[in-house]
Amino acid sequence: MNSPLDLEQQFLFIHEMDLLKSVKRKALIKADNNRYENSAEHSWHICMAAQVLQSHVNYPVDIMRVTQMLLIHDIVEIDAGDTFAFAPQEQLDAQFELEEKAAKRIFGILPDPQRDFYLGLFNEFEESSTNNAKFAKAIDRILPLVQNMQNNGGSWAANKVKRSQVLARNIGLKEVSDSLWNYVENQINKATENGWLLNE
């Protein structure tokens with residue numbers, strides 16, 4: 001049975017989650033005057049995408065666990081902020097360290113059993129070693145592609161991103177789903193033809 005202390009910690013965590021709405025991503029929302037997307041919106045969107053696209057996965061997945069991973073994987077951005085996916089490697093490495101520290105602090109707000117559960121989910125997603133995590137990570141990476149495609153290249157075009165970079169970022173999808181990988185390749189080809197990605 002939960003104690004009053006457990007409930008207090010859980011509500012502290014829930015209040016903390018509200019901060020994710022203030023974290024701006026590099027993705028632009030075409031439907032809302034090209035404002036920057038926030039991380040809470042992104043989390044909702046990828047959860048819906050996973051629900052819709054799960055039938056295309058090459059192997060069985062536990063969609064509840066996938067959804068839980070997608071809901072919590074960016075919570076660390078409350079402390080660490082968002083980093084552009086195609087930033088220099090040293091910046092991405094520094095971000096990884098910030099996110100690990102943030103995960104311990106933020107999930108540490110929860111009572112012990114929940115803290116361990118959510119930290120486990122976060123690490124599973126980051127390590128991408130299970131089928132559920134591979135699907136979750138693939139969905140997390142395919143959605144910015146969809147957003148950039150509907151926005152004339154969006155952050156790709158603005159940051160002179162290369163075709164090879166987008167292919168490399170999405171390569172994990174090749175193992176996850178034949179049909180989704182084919183879709184991504186076709187979209188990248190179109191983006192290159194349109195000049196939204198540098199053909200390198």
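A residue is termed buried under 20% relative accessible area, exposed over 50%, and partly exposed in between. In the predicted model, R35 has a relative accessible area of 31% and is therefore partly exposed. The side chain of R35 forms a salt bridge with that of E41, with an N to O distance of 2.6 Å. E41 is likewise classed as partly exposed, at 26% relative accessibility.

The structure holds 12 salt bridges. Among them is the pair R25 and E37, whose side chains meet at 3.0 Å, N to O. R25 belongs to strand β1 (residues 24-29) and E37 to strand β2 (residues 35-38), so this pair ties together parts 12 residues apart in sequence. R25 counts as buried because its relative accessibility is 11%, and E37 counts as buried at 2%.

A further salt bridge joins the side chains of D79 and R105 at 2.7 Å, N to O. This pair links distant parts of the chain, with D79 in helix α4 (residues 77-80) and R105 in helix α5 (residues 89-107), 26 residues apart. Salt bridges with shared partners connect E16, D79 and R105 into one network. D79 is partly exposed at 40% relative accessible area, as is R105 at 37%.

Helices α7 (residues 131-149) and α11 (residues 178-193) pack at about 35 degrees, with axes 11 Å apart. The crossing of α7 past α11 is left-handed. Contacts are made by I142, L145, V146 and M149 of α7 with Y183, V184, Q187, I188, K190 and A191 of α11.

On the surface, L7, F11 and I14 form a nonpolar patch with about 290 Å² of accessible area together. L7 lies in helix α1 (residues 4-17) and is partly exposed, at 45% relative accessible area.

Definitions and conventions
Residues are numbered from 1 along each chain as its sequence is written. This is a predicted model: local features need pLDDT of at least 70, side-chain atom pairs count only at pLDDT 80 or more; totals for chains, interfaces and linings use all residues. Side-chain values use heavy atoms; hydrogens and water are left out. Patches are made of residues with over 30% relative accessible area and no salt bridge: like charges are joined within 9 Å, nonpolar side chains (Val, Leu, Ile, Met, Phe, Trp, Tyr) within 5 Å. Accessible areas come from the Shrake-Rupley method with a 1.4 Å probe; for residues, only the protein chains shown count as cover. A salt bridge is a side-chain nitrogen of Lys or Arg within 4 Å of a carboxyl oxygen of Asp or Glu. Helices (H or I, at least four residues) and strands (E, at least two) are DSSP runs, numbered from the N terminus. Buried means under 20% relative accessible area, exposed over 50%, partly exposed in between (1.4 Å probe, protein chains only). Axes are lines fitted to C-alpha atoms, for helices over the stretch in contact, and angles run from 0 to 180 degrees between N-to-C directions. A crossing is left-handed if the near helix is turned anticlockwise from the far one by less than a right angle, and right-handed if clockwise. Contact means heavy atoms within 4.5 Å.
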